[in-house]
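Here is a short briefing on salt bridges, helices and surface. Please look over the structure first.

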Amino acid sequence: MQPFSFATTAQILCEPGAVQRLAGLCRERGAKRVLIISDPGIARLGMLDDLLPGFTAAKVGVAIFSEVTADPSEACVLAAAQRARHIGADLVVGFGGGSSMDVAKLVALLAHRDCSQPIAELYGIDRAKGRRLPLIQVPTTAGTGSEVTPIAIVTTGATTKMGIVSPLLLPDLAVLDAVCTLGLPSAVTAATGIDAMVHAIEAYTSRLKRNPLSSLLAREALRLLADNLDQAVHNGGNLQARQAMLLGACLAGQAFANAPVAAVHALAYPLGGHFHVPHGLANALVLPHVLRFNLPVAAVDYAELAVPLLGARLQPGDQRQQAEQFVAELAALSSRCGLPDRLRDADVPRHRLGQLAEDAMQQQRLLVNNPREVTQADALAIYEAAY
């Protein structure tokens, strides 16, 4: 066995209705002034309204920053950090999807009184220094796993994203409450669910840092997600299915936080940067085509993952045959869930595929983890297959 290290969020609370205790959970951590970071959709739906009286009862001050947009910019992060400093926040809560949770991580770091680093110095791996404010994450989608990862993604230009990776960004507590996901539209449920499946798959095949714990978590994550995705998408009020999806996404997050993702994400990022394709959908669009590209070197791993993905539906066969069943099942997933399954159906123009391939090659932080080396010509061929 190769030496490895494994890090994750200190505490996970997995319980329907647990978010009603959010104020008490903040108070238990000594908080007197809390900033909740969320997005306009959460605010518009009034999802935080029922929680605010609990803060009054707990004698904990609370403010809300609800201006996080999809693919948050540096300006958004800095505005949220300024709000935290202005109110003297001593604990930060991320409440929402991956964007809100990513911003919350960086605010907890940047708003700490000892922080002297500008955000420009944080990009990359292990460049953040010092301490951060206590941090609680409440995911409202079962997808990103951001509640258990040390990664925050920031939009740094018109079409570019950069990652900040540091153990300092690992939250103190993740609250998995499926009640928070009950109103999620079916398309968002599907896209975020497939995103979580991609996390599990890429962690399981990650070339450099795969380890026994990450692989164990990835397999169980894929089983939970595969068993419950259809119910969560087509019967959105099924609380049990939604709770299982949240747990699956969390386990997948733990897996890829320690065994990083690869070419699917590398090719998905330019789709978001150039054409604002939502991240989960971007992953779903390129997933089967990256899997087929990897098949010559990853057939053994894909055959192993076919067991939790297909369960009793897995047909007998050799490893190659079972790996092909695995790829075929995932290729059919988007259309079964009502998502577009071709780039052209997501309004991506064909003449821009070359630019996408060029930009994907900038994601070497991810591509080095892919089981098969990806050249720019390979990336272009994958985009063409997905078109």
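D227 and R223 sit four residues apart in helix α7, about one turn of the helix. Their side chains form a salt bridge, with the closest N and O atoms 3.3 Å apart. The model is predicted.

**Salt bridges**
- D227 is partly exposed, with a relative accessible area of 48%.
- R223 is also partly exposed, at 34%.
- Salt bridges that share partners link D230, R313, E329 and R336 into one network.
- The structure holds 13 salt bridges.
- R210 pairs with D301, the closest N and O atoms being 3.0 Å apart.
- R210 lies in the loop between α6 and α7 and D301 in helix α10, so this pair ties together parts that are 91 residues apart in sequence.
- R210 is partly exposed at 32% relative accessible area, whereas D301 is buried at 15%.
- E15 and R21 meet in a salt bridge of 3.1 Å, N to O.
- E15 is partly exposed at 30%, and R21 is partly exposed at 40%.

- In α6, 17 of the 20 residues are buried.
- Helix α15 (residues 376–386) buries A379, I382, Y383 and A386.
- Those residues fall within an arc of 95 degrees seen down the axis of α15, so they line one face of the helix.
- Their cover includes α9, α10 and α13.

**Surface**
- M1, F4, L213 and L216 make a nonpolar surface patch of about 450 Å².
- L216 belongs to helix α7, residues 212–234.

Note on methods:
Residues numbered from 1 in each chain as written. Predicted model: local features only at pLDDT ≥ 70, side-chain atom pairs only at ≥ 80, totals over all residues. Heavy atoms only, no water. Patch = residues over 30% accessible without salt bridge, like charges linked within 9 Å, V, L, I, M, F, W, Y side chains within 5 Å. Areas by Shrake-Rupley, 256 points an atom, 1.4 Å probe, with all protein chains shown as cover. Salt bridge = Lys/Arg side-chain N within 4 Å of Asp/Glu carboxyl O. Helix = DSSP H or I, 4+ residues; strand = E, 2+ residues; numbered from the N terminus. Buried < 20%, exposed > 50% of the residue type's maximum accessible area, 1.4 Å probe, protein only. Arc of directions from axis to C-beta. Contact = heavy atoms within 4.5 Å.
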